[in-house]
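I opened the model to look up a few local features. My notes follow in the order I took them.

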Amino acid sequence: MADQVNSPARLTPGDNPNQPLKDAIALCLSGGGYRAMMFHLGALLRLNELAYLGKLDRVSSVSGGSITAAVLALHWNELGIAPDQPAPNFGIVVDEVRKMASETIDVGSIFEGVFGPGTISDKIQHAYDSLLFHGATLQALPDTPRFVINATNVQSTVLWRFSKPYMRDWRVGEVRNPQIPLSLAVAASSAFPPVLSPCEVDLKKYGCVFEPGSGADLQMEPYTSKAVLTDGGVYDNLGLETAWKSYKTILVSDGGGHVAPEPQPHYDWARHALRVLDIIDNQVRALRVRQVIEQYGTAQRLGTFWGIRTDIAHYGLASALPCPHNQTLNIAAIPTRLKKLDDADQEHLINWGYAVCDAAMRTHVAPSLAPPAAFPYPRGVS
């Protein structure tokens with residue numbers, strides 16, 4: 001296991017600090033609503049062209065990244081992935097994710113949840129299921145790579161992870177082979193506070209039985225009957241926790257937001273408190289990014305990081321696609337929402353994720369690979 005000094009992921013009970021890192025590749029997809037969802041889609045498009053999808057052993061995601069990851073996972077066996085070859089059918093994933101980005105689901109879900117039966121989170125889950133997942137459960141995910149969809153447990157204060165072989169909170173315990181709907185896992189992972197959160201999971205409804213003794217200190221009622229979850233990014237907005245401690249090579253795609261300057265902040269307690277909490281959250285995210293980048297190139301850590309606010313010129317790559325920083329910052333300023341994106345915004349986000357992933361990969365992971373001929377869409381990032 002990696003040196004825990006300045007590590008972006010904490011050791012938890014059961015982790016072995018002397019366990020060597022697995023010589024395999026993990027991909028982490030951050031939160032950030034539809035903005036991140038589309039940015040990650042562009043990155044995956046380039047990773048596929050570079051024949052890296054088939055090299056992945058773990059995909060760990062939160063929030064908006066979990067939408068993209070779950071679509072990729074559900075259609076994994078249809079993509080035609082072969083060793084060292086691009087998957088010929090990756091267009092399935094592009095079409096499905098773009099279909100999702102063409103629908104606004106947050107505002108309607110809020111109104112229906114407030115004024116109708118059911119909760120806001122119930123409505124979000126229903127939208128995901130009807131548009132993307134069609135009744136699939138976690139058991140529809142592939143065995144390899146392992147897809148881990150992360151949420152935050154409001155009760156236990158730690159990460160709650162959904163995957164095919166198990167669902168786990170290290171304090172509450174582990175459920176083997178969970179029959180949880182994929183749409184529910186994604187809804188929990190993307191339950192942005194305050195309005196889309198919390199997402200309540202009735203564990204008894206889905207036959208969840210915790211392995212005896214698998215929880216550190218909270219394997220008891222009511223924790224084992226109902227999980228009260230919120231956005232995975234509350235605990236770890238990069239989705240690092242379930243990958244960093246185990247894998248030698250980590251690829252991180254960050255489509256997260258940024259707290260903008262506010263020359264005249266509000267003084268009322270509610271909005272002022274929210275502003276202060278946003279600043280605290282932004283500082284934690286920035287620290288985690290710095291910790292990740294500082295550990296690349298060490299004896300134990302390989303991989304690369306690319307972000308939606310990255311200046312592509314910093315890679316010093318002459319063959320990088322043209323991406324003026326002022327224009328990509330405009331793309332990064334798209335709000336963190338589950339709100340319809342027009343075709344232009346979708347294609348700008350895909351192009352930007354594609355281009356910056358390409359630059360990061362060819363600079364730090366695979367410098368011998370050929371540069372792309374052009375953006376996926378002719379709009380570029382203008």
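I count a residue as buried when its relative accessible area is under 20%, as exposed when it is over 50%, and as partly exposed in between. The model is a predicted one, and I kept that in mind for each entry.

**Entry 1**

I started with helix α2, residues 64-74, and found 10 of its 11 residues buried. The buried ones are G64, G65, S66, I67, T68, A69, A70, V71, L72 and A73. I then looked at S63, which sits in the loop between β2 (56-62) and α2. S63 has a positive phi of about 55° although it is not a glycine. Most residues other than glycine have a negative phi, so I marked this one. S63 has a relative accessible area of 1%, so it counts as buried.

**Entry 1**

Leaving aside neighbours within four places in sequence, I found H75 in contact with I92 and E96.

D84 lies in the loop between α2 and α3 as well. It has a positive phi of about 60°, and it is not a glycine either. Is D84 buried or exposed? Its relative accessibility is 55%, so D84 counts as exposed.

**Entry 2: aromatic pairs**

How many aromatic pairs does the structure hold? I found three, and I wrote up two of them. A pair of aromatic rings is described by the distance of the centres and the angle of the planes, so I noted both values each time.

W76 and F147 form an edge-to-face pair, 5.9 Å centre to centre with 70° between the planes. This pair links distant parts of the chain, with W76 in the loop between α2 and α3 and F147 in strand β3, 71 residues apart. W76 and F147 are both buried.

W160 and F162 form a tilted pair, 6.4 Å centre to centre with 55° between the planes. Both residues are buried.

I followed F162 into its strand. Which residues of β4 (residues 159-162) point which way? L159 and R161 point one way, W160 and F162 the other, and all are buried. In a regular strand the side chains alternate between the two faces of the sheet.

Strand β3 (residues 146-153) runs antiparallel to β4, and four bridges join them. The two form a hairpin with five residues between them, and T157 in the turn has a positive phi of about 75°. I149 stands opposite F162 in β4.

Strand β5 (residues 166-169) is antiparallel to β4, with two bridges between them. I noted a hairpin here too, with three residues between β4 and β5. In β5, M167 is the bridge partner of F162.

**Entry 3: helices α3 and α5**

I checked how helix α3 (residues 91-101) and helix α5 (residues 120-133) pack. Their angle is about 145°, and their axes are 10 Å apart. The crossing is right-handed. E96, K99 and M100 of α3 make the contact with Y128, L131 and L132 of α5. By class, I have four nonpolar, no polar and two charged residues in this contact. E96 had already come up as a contact of H75.

A cis peptide bond joins T144 and P145, with omega about 0°. P145 is in the loop between α5 and β3. A cis peptide bond also joins P193 and P194, with omega about 5°. P194 is in the loop between α6 and β7.

P198 is placed in the loop between α6 (182-189) and β7 (199-202). Its relative accessibility is 38%, so P198 counts as partly exposed. Leaving aside neighbours within four places in sequence, P198 is in contact with S121, V228 and L229. I also took a distance: the C-alpha atoms of P198 and A187, 11 residues apart along the chain, are separated by 9.7 Å.

Key. Residues numbered from 1 in each chain as written. Predicted model: local features only at pLDDT ≥ 70, side-chain atom pairs only at ≥ 80, totals over all residues. Heavy atoms only, no water. Axes fitted to C-alpha atoms, helices over the stretch in contact; angles between N-to-C directions. Left-handed = near helix turned anticlockwise from the far one by under 90°. Contact = heavy atoms within 4.5 Å. Nonpolar A, V, L, I, M, F, W, Y, C, P; charged D, E, K, R; others polar. Buried < 20%, exposed > 50% of the residue type's maximum accessible area, 1.4 Å probe, protein only. Pairing = 2+ DSSP bridges. Phe/Tyr/Trp six-rings, centres within 6.5 Å; stacked < 30°, edge-to-face > 60°.
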